[in-house]
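I opened this notebook to record what I looked up in one model. The overall fold comes before a single site.

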Amino acid sequence: MTTPFDPARFLPDDLLARVRERAVTHDRDNTFPREDLDELRAAGYLGILVPTDRGGAGLTLTEASVLQQRLAGAAPATALAINMHLVWTGVAKVLQDRGIDDLAFVQRGAAAGEVFAFGISEAGNDLVLFGSDTDARPEGDGGYRFTGTKIFTSLAPVWDHLGVHGLDTTSADAPRMVFAFLDRSDAVVTRDDWDTLGMRGTQSRTTELHGATAPAERVVRRLAPGPQPDPLVFGIFAVFEILLASVYTGIARRALDLAVETAHARRSKKSGTTYANDPDIRWRIADMALAYDALPPQLAALSTDVDTLADHGGRWFSLLAGVKHRAVSTAKAVVDDAILVGGGSAYSAHSELSRLYRDVLAGMFHPSDPESAHSAAATAWLGPVSS
């Protein structure tokens, strides 16, 4: 008999309690949660998606999604930051499951406690994975030198390796999108410029690349620009969207739990009973629960499809963009309602709901944004726009 998956084995209640307590300070002081990372590393969390024969926990993407929902309920910024490391380990798993072992070094490094960060986003680049303003200059020995600026580089103060992409315009077969991994060096400059409304603990600072070199063994793909079915691109998109949706689903659950606690604690002078007996409050919380309840099954189904190599063909991108879009939209609506249930105290800066309200807004800035999610869905159902 298979032992049921127990999230508390990897994220025990006492660890989450410490993470939740520290989240207040990191949000207030705009600092990175190093203590959270240290505890998660010690617990083997950086290797949850790494196979057991390489030193990891051997979990599925489905199980990692559940864990990220649980972690986000304690500290959304910590969960979102760790997400970007888990994306690369998840991509390594997606490739290995399909017989491609190009990211074995990611798996071994993660199992050893090394941190991998995601350096793809660029200001104004709505092509995301399919184009880049970063120059990728071939070195002649298979390596590349990258020059450009990346934004929203989560884990900026602590990463050991940065996965980036750039555009090679000089090789004989140019243009080519080049995906590679960089180590820290003098050619990589991290600006101290993360001062945001929410998700402050991610410290997703701007990263300048000044001819930063990736050796040949760390260059993992050279692809034609634009959409195409390479497993690396699929893996990045699939894991990124599912784990992002997981974080925002975790925020929705925490907001719902706080609303329930508040409804039982607040008493009405008019009725003399708790707000849990107020028909309007009951309706509002029921509406929140009905919306939230749809998210975990969607995430479980779609992540299982990735784990089991299901074939959705041309619908994959709309399904993945859709689950991220729904998770963010639903989480924002649930937090809005939780604020109303909480009353005036929820508007105080020290309120956890106040922090969730600010954190959940970050979801709209992650790919896929609402416009691209709708475009992907329209193309999947209607076909491309005719000329």
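The entries below go from the chain as a whole to one residue.

Entry 1, basis. I worked from a predicted model, in which local features need pLDDT of at least 70, side-chain atom pairs count only at pLDDT 80 or more, and totals for chains, interfaces and linings use all residues. Residues are numbered from 1 along each chain as its sequence is written, and side-chain values use heavy atoms, with hydrogens and water left out.

The C-alpha atoms fill a box of roughly 80 × 50 × 50 Å along the principal axes. Of the 387 residues, 53% are buried, that is, under 20% relative accessible area with a 1.4 Å probe, protein chains only. I also looked up contacts (heavy atoms within 4.5 Å): among those with a separation of 6 or more, 74% join residues 24 or more positions apart.

I located Asn83 in helix 5, residues 76-97. Asn83 counts as buried because its relative accessibility is 0%. Leaving aside residues up to four places away in sequence, Asn83 touches Gln68, Leu243, Leu244 and Val247. The side chains of Asn83 and Gln68 make a polar contact at 2.6 Å (a pair of N or O atoms within 3.5 Å; within protein, one must be able to donate a hydrogen and the other to accept it, and residues adjacent in sequence count only if both atoms are side-chain atoms). A polar atom of the Asn83 side chain also lies 3.0 Å from the backbone oxygen of Leu243.

Note on methods. Helix = DSSP H or I, 4+ residues; strand = E, 2+ residues; numbered from the N terminus. Buried < 20%, exposed > 50% of the residue type's maximum accessible area, 1.4 Å probe, protein only.
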